[in-house]
Amino acid sequence: MREKMWIFYSADDSKCLFSLWNQWCLCYAAVVCLLCSPVRTDDACPSSCVCARDSGTVTCRDGEDTEVPSDIPEWTSTLIVQGRNISTLQRGAFMTNSTELEMSKLSLSYNGIQVIEPYAFLGLPRLHLLDLSHNQLESISARAFHGLPELRSLFLNYSVLPVATAQLSNALSAQTLRNLHRLELAGNQLKSIPLVRLDMYNLHVLVLINNSIERIGRENVTNLYQQRHIRVYLSLNPFWCDCELESFYYWLKNSSQCPDAGHLLCSEPEAKRWIPVEKLRGEDVDCMNENLEAVSYVFLGIVLALIGVVFLMVLYLNRGGIKRWLNNIREACRDQMEVYHYRYEQDSDPRLANVAV
């Protein structure tokens, strides 16, 4: 009986041990799967990027990606994306799982960006600096910069193509840019200041270096006078130094708002080429003097025309006397010529010469 009981209990223990072994194997397999699976935590660094957790910087340079990284860590304060083939910044491109990021600096230079869609920067309410320099922007939505109430610095140097100039003006009119302190638009072939109003911003620095600005209109000059805290950089622009530059010239002479004023050169007219704008004389840009000079030339032309008409009238009224005077002159010339002819014949006849001897 005891032997049978021993056999019974031994079989039961084996079954129990087998059951525990199966459970342990299943747990081990589950752990291995979790470790090997590509599950990403919020602290993980995006692929093909370099992360510095201490400084909060994520740097993604070069590569064949056509979109911005979609798995940006929540701790990111500075994101640098360069050398990618991002042709379009889509709506909500920086929304991570529909959550907002604490990012304060974003650099997207040298990515070949051509289009910025509406609300492309949603999810970045604390962004202070945005760099979009050295791209190829052909289309900029009027709502491209919506959702950036804390933006302080916007860099668009060498990025805006001529076809997008008007769109840029509309995009910069967004109310969410009211806290903008620094705006850089160098090297974009702009022909005028693309800001409709300057008082809607908190601008302190406006960089317009190396564009195609020939004149600064009176309205823009008035706005600059009103916003005396703004510093405007305008060197390497082809200024046309005629009388239409008068208001800008006096603003330049009487204001310290243009730190590079000494580097502003005239491009046209040819007589003033390469002359510094601030070295011009007042009469060079005085519209009144220029108008008076034009009027004086017109008056001189009218006087000369009147003299010509009077002279022709005198000739016409004295045509009979003039005709007789011309006939008398002709007869006198004929008589004189006959005398010369007779003397010539006499001098040339040898017989008359022998008689004379």
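1. A nonpolar surface patch is made up of Val309, Met313, Tyr316 and Leu317, which together have about 450 Å² of accessible area. Patch members have over 30% relative accessible area and no salt bridge, with nonpolar side chains joined within 5 Å; a salt bridge would be a side-chain nitrogen of Lys or Arg within 4 Å of a carboxyl oxygen of Asp or Glu. Areas follow the Shrake-Rupley method with a 1.4 Å probe.

2. A word on the basis: this is a predicted model, where local features need pLDDT of at least 70, side-chain atom pairs need 80 or more, and totals for chains, interfaces and linings use all residues. Numbering runs from 1 along each chain as its sequence is written, and side-chain values use heavy atoms, without hydrogens or water.

3. Met313 lies in helix H5 (residues 287-317). Its relative accessibility of 46% makes Met313 partly exposed (buried is under 20%, exposed over 50%, partly exposed in between).

4. Do look at Arg178, in the loop between helix H2 (165-171) and strand E10 (182-184) (DSSP runs, at least four residues for helices and two for strands). Arg178 is partly exposed, at 44%. Beyond neighbours within four places in sequence, Arg178 contacts Met200, Tyr201 and Asn202 (heavy atoms within 4.5 Å). The Arg178 side chain also reaches the backbone oxygen of Gln175 at 3.2 Å.

5. For the protein overall, there are 7 helices and 14 strands, and 34% of the 357 residues are buried. Among contacts with a separation of 6 or more, 62% join residues 24 or more positions apart.

Note on methods: Buried means under 20% relative accessible area, exposed over 50%, partly exposed in between (1.4 Å probe, protein chains only). A polar contact is a pair of N or O atoms within 3.5 Å; within protein, one must be able to donate a hydrogen and the other to accept it, and residues adjacent in sequence count only if both atoms are side-chain atoms. Patches are made of residues with over 30% relative accessible area and no salt bridge: like charges are joined within 9 Å, nonpolar side chains (Val, Leu, Ile, Met, Phe, Trp, Tyr) within 5 Å.
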